[in-house]
Amino acid sequence: MSYKSFSNLVIVLVLLSLYLENYGVEGGISKEEDMELDKKLKILNKPPVKSIKTTLGDTYDCINIYEQPSFDHPLLRNHKIQMKPTVIQGKEIDGPTSSMISSVVRSKIDGCPPGTVPIRRTTKEDLVNAKPVSNRIVHRHYVLAQPVAEKLYYGGRARISIATPIVGPNQLSTGQIWIQNGPAEELNSIEFGWAVYPNLFGDNATRVFGLWTADGFKETGCYNMLCPGFIQIHPRYTFGEHLIGGTYGGEQRAFDFSVHRDPESGNWWFINGVENTNIGYWPKELFTHLENNASVISYGGIAGGDLGDSFPPMGHKHLPVPDPKYTTCMTDMKVAEKHGIFLDFDTSKVQLIRDAEASCYDLIFYGKNTIHGIMMFFGGPGGDCT
């Protein structure tokens, strides 16, 4: 090696050393940010009583229910845990039909000892990929049906058919419900449903997700349990549950999702599955505008990706037609009144909102159907959307 080549190599190594001194191993993360992530991991990953690895490669830690990470939240240090909701929902919505059966085959976390709950182990990569929630996916398109608010709302529910759209590593596609209140800069929001989101879950499977904020995602909130907030109650089912849906043109499968405000505690309970499984709740202390009620309930889907790239499909990759065998749909769409009871809403006063060209994504609101209740169809191929 010549002296000049050796000198150039030394310069490169010095520059690399200076870079690594100031930045973490995750590209673009400063040393200070890396240390902050380590602190967060210590809060989120409590010493487990037992650990369980799933067939999809996830690690779930069994954590003492009274020592889960959410109790480290400053607003929850004196919170009294609620073991079950006050209102017990009915066990069945509407019966299955030949084109759509009632529920998917569930994937539970078996083996956590009594008194513990399963919490998906968080990695540094998880925190990097999920931060910030509001612009990790820098551009999103959505279609949604939104009852016009003439009264206060206390929850929303629907049975959502399951799809597995093919998305890229920096993309996502969802079928979901929004519960919101407050102005944009102070937005209180709870979102929940299914998502295909590789940056969040590390694969292209369809998973159960939840998302919350109390300030429009400026400083508060996160997906699932990537920050203190949501309190896990169920010993076997939790966020990240893998949902296997139907096939386009064939037998369809669906999953029940609901969140309602408990009329006694004020906590927002997340309940899913045809068995109405009480997963856990977002405590009322987290919120300001959602502390007492919601002003907006929306039903629909999101497809997002990097600005300038082609957008991913939503649902079954086809524009909607009024047939559940060929289109992702929601049935038995309801809102909760102040006692936590789910009721139909006025279908003559519903806004249909699309923020992309109809050739990319669209929805058909079907109104009241005697078999499936209030229902809608949504989805689309994505592509070059504006």
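These are my notebook entries on what I looked up in this predicted model.

**Ground rules.** I number residues from 1 along each chain as its sequence is written. The model is predicted, so local features need pLDDT of at least 70 and side-chain atom pairs count only at pLDDT 80 or more, while totals for chains, interfaces and linings use all residues; side-chain values use heavy atoms, with hydrogens and water left out.

**Overall.** I found 4 helices and 20 strands in the chain (DSSP runs numbered from the N terminus: H or I of at least four residues for helices, E of at least two for strands). Of the 386 residues, 55% count as buried (under 20% relative accessible area; exposed is over 50%, partly exposed in between, with a 1.4 Å probe and protein chains only).

**Salt bridges.** My search of the whole structure gave 10 of them (a side-chain nitrogen of Lys or Arg within 4 Å of a carboxyl oxygen of Asp or Glu). One joins Arg207 and Asp58, at 2.6 Å from N to O. Arg207 sits in strand β9 (residues 207-213) and Asp58 in the loop between β1 (50-53) and β2, so this pair ties together parts 149 residues apart in sequence.

I then looked at Asp362 and Arg354, whose closest N and O atoms are 2.3 Å apart. Here Asp362 is buried at 18%, whereas Arg354 is partly exposed at 38%. Elsewhere, shared partners join Asp58, Arg120, Asp203 and Arg207 into one salt-bridge network.

**Gln82.** I placed this residue in the loop between β2 (59-64) and β3 (100-101). Gln82 counts as buried because its relative accessibility is 11%. Leaving out residues up to four places away in sequence, Gln82 touches Ile233, Asp262, Ser265, Asn267, Trp269 and Tyr281 (contact means heavy atoms within 4.5 Å). I also noted 9.1 Å between the C-alpha atoms of Gln82 and Ile231, which are 149 residues apart along the chain.

**Tyr326.** What is the place of Tyr326? I found Tyr326 in the loop between β15 (296-305) and β16 (328-336). Tyr326 is partly exposed, with a relative accessible area of 32%.
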